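Dear colleague,

Please find below the structure that I am handing over to you.

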Amino acid sequence: MDGMSWTETGTDASERIWPEASALVYDDAVKARTDHLYARVKDVVTPMEWPAFAPLIDAINQLKALRGATILAHNYMTPEIFNCVGDITGDSLKLAQVAAEAEEDVILQAGVHFMAETAKILSPNKTVLIPDMEAGCSLASSITGADVQAIKAAYPDYPIVTYVNTSAEVKAYSDICCTSSNAVQVVEAVAQQWNTDTVIMIPDQYLAKNVAAQTGIKILTWQGECEVHEQFTPEDIQDLRDAHPDAVIITHPECPPEVMAAADFAGSTGAMANYVKEKSPKKAILITECSMSDNVAVENPGVQFIKPCNLCPHMKRISLKNIYEALRDMKHEVEVDPLIAEKAKASLQAMLDLPKADNPPSFDTGKAAVAVPYVAI
């Protein structure tokens, strides 16, 4: 059976009729091809789960070679996706950079829709797939292109910095994009370019407030937020400190400023992972999406992770099953209107053209909060 129940018209993989996911089986051949991958995730994936995951992982990795595909896997993917089928893994900035340089003909985005749009904008001649077209983002849906046009009309003298967690249309009407990794750098660079002391940063109000505390640039923002990170409270942090006084608390700048101020370290998902790798604390608590802890744990087996688990329902729409089906059927292709794509690429490229940091920078959690007004339109 060789792991699958399929129809073959020849011995080459390209001549197989790939079966339904339910027909994939865990046999000795699949075991032999995937044992090295299980060794990587055995501390975060149970032996009971692995026989269900392994046939899909094996089939996906064969299909990647057949389709000439690469899988971009965000840090919030579950560990069996992130570690066993992801080719390029990391935060939004890293995935955007890789998408711009991709050599493969097919890019599959294991992440949410705005990430797949970004990959298509930066690699317009590539086929970009997403396993589930409904994998959205509460933050991205909080603002539209029409909103950005209204902001530009109301504040023509201020540049608009847009978080990459937005639609292509929102990016198209913005001046430059940013990620949580480079947000401070982008705000300061664009303020200098425009010769202004004020920048509009949309749509994440908490990221904007946390950036404002790190720089002398005045910031106006939009009333959007991430449904995962907004749930964390200072009381949560105190409860975690009381229960685990020996743990290092590491948070993401999409959290409210009061939460970030209560943490020991703050930064993008890339910065969080880098901190754990460099500092190797005995015990760590990551205040972010739940799967992040599992993926950082794989790289840091000596660190004990306490998981205050908030799951992103949109990220969790991506599964091994629908990754397999997307590659098998080459379906859910992401397209972006060429005129929108051209404008959005300019704002993304403006970000990518800035100097790259050797390591993702952190936020100083000791900085005092700064008042950040909302735009009025």
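The notes below set out what was found, by topic.

The model is predicted: local features need pLDDT of at least 70, side-chain atom pairs count only at pLDDT 80 or more, and totals for chains, interfaces and linings use all residues. Residues are numbered from 1 along each chain as its sequence is written, and side-chain values use heavy atoms, with hydrogens and water left out.

Helices α1 and α2

Helices (H or I, at least four residues) and strands (E, at least two) are DSSP runs numbered from the N terminus. The axes of α1 and α2 come within 9 Å and cross at roughly 110°. That makes α1 roughly perpendicular to α2, a term for angles of 65 to 115 degrees, while those under 35 count as roughly parallel, over 145 as roughly antiparallel and the rest as oblique. Axes are lines fitted to C-alpha atoms, for helices over the stretch in contact, and angles run from 0 to 180 degrees between N-to-C directions. On the α1 side, the residues in contact (heavy atoms within 4.5 Å) include Arg33, Leu37 and Tyr38, and those of α2 include Trp50, Ile57 and Asp58.

Aromatic pairs

The structure holds 3 aromatic pairs. Rings of Phe, Tyr and Trp (its six-membered ring) pair if their centres lie within 6.5 Å; planes under 30 degrees apart count as stacked, over 60 as edge-to-face and the rest as tilted. One of the pairs is formed by tyrosine 38 and tryptophan 50, whose ring centres are 4.9 Å apart with planes at 40°, so this pair is tilted. Tyrosine 38 belongs to helix α1 (residues 28–41) and tryptophan 50 to helix α2 (residues 50–67), 12 residues apart. Both tyrosine 38 and tryptophan 50 are buried; buried means under 20% relative accessible area, exposed over 50%, and partly exposed in between (1.4 Å probe, protein chains only).

Phenylalanine 265 and tyrosine 275 have ring centres 4.3 Å apart and planes at 25°, so they are stacked. Phenylalanine 265 is in strand β12 (residues 265–267) and tyrosine 275 in helix α12 (residues 269–279), so the pair ties together parts 10 residues apart in sequence. Phenylalanine 265 is buried at a relative accessible area of 12%, and tyrosine 275 is buried at 18%.

The parallel sheet

An open sheet is formed by 4 strands in the order β4-β3-β5-β6, with parallel pairing; two strands pair if DSSP finds at least two bridges between them. At the edges stand β4 (88–90) and β6 (127–129), each with a single partner strand, so one side of each has no neighbour in the sheet. Neighbouring strands are turned by 20° against each other on average, direction ignored. Strands β3 (residues 69–74) and β5 (residues 106–110) pair over 5 bridges, and isoleucine 71 has leucine 108 in β5 as its bridge partner. Helix α14 (residues 320–329) packs on the sheet, touching β3, β5 and β6, and its direction makes about 165° with that of β5.

Backbone points

A cis peptide bond joins isoleucine 202 and proline 203, with omega about -10°. Proline 203 lies in the loop between β9 (198–202) and α9 (205–212). Asparagine 195, although not a glycine, has a positive phi of about 55°; asparagine 195 is in the loop between α8 (183–194) and β9 and is exposed at 72% relative accessibility. Histidine 332, also not a glycine, has a positive phi of about 65°. Histidine 332 sits in the loop between α14 and α15 (338–352) and is partly exposed, at 30% relative accessible area.

With kind regards
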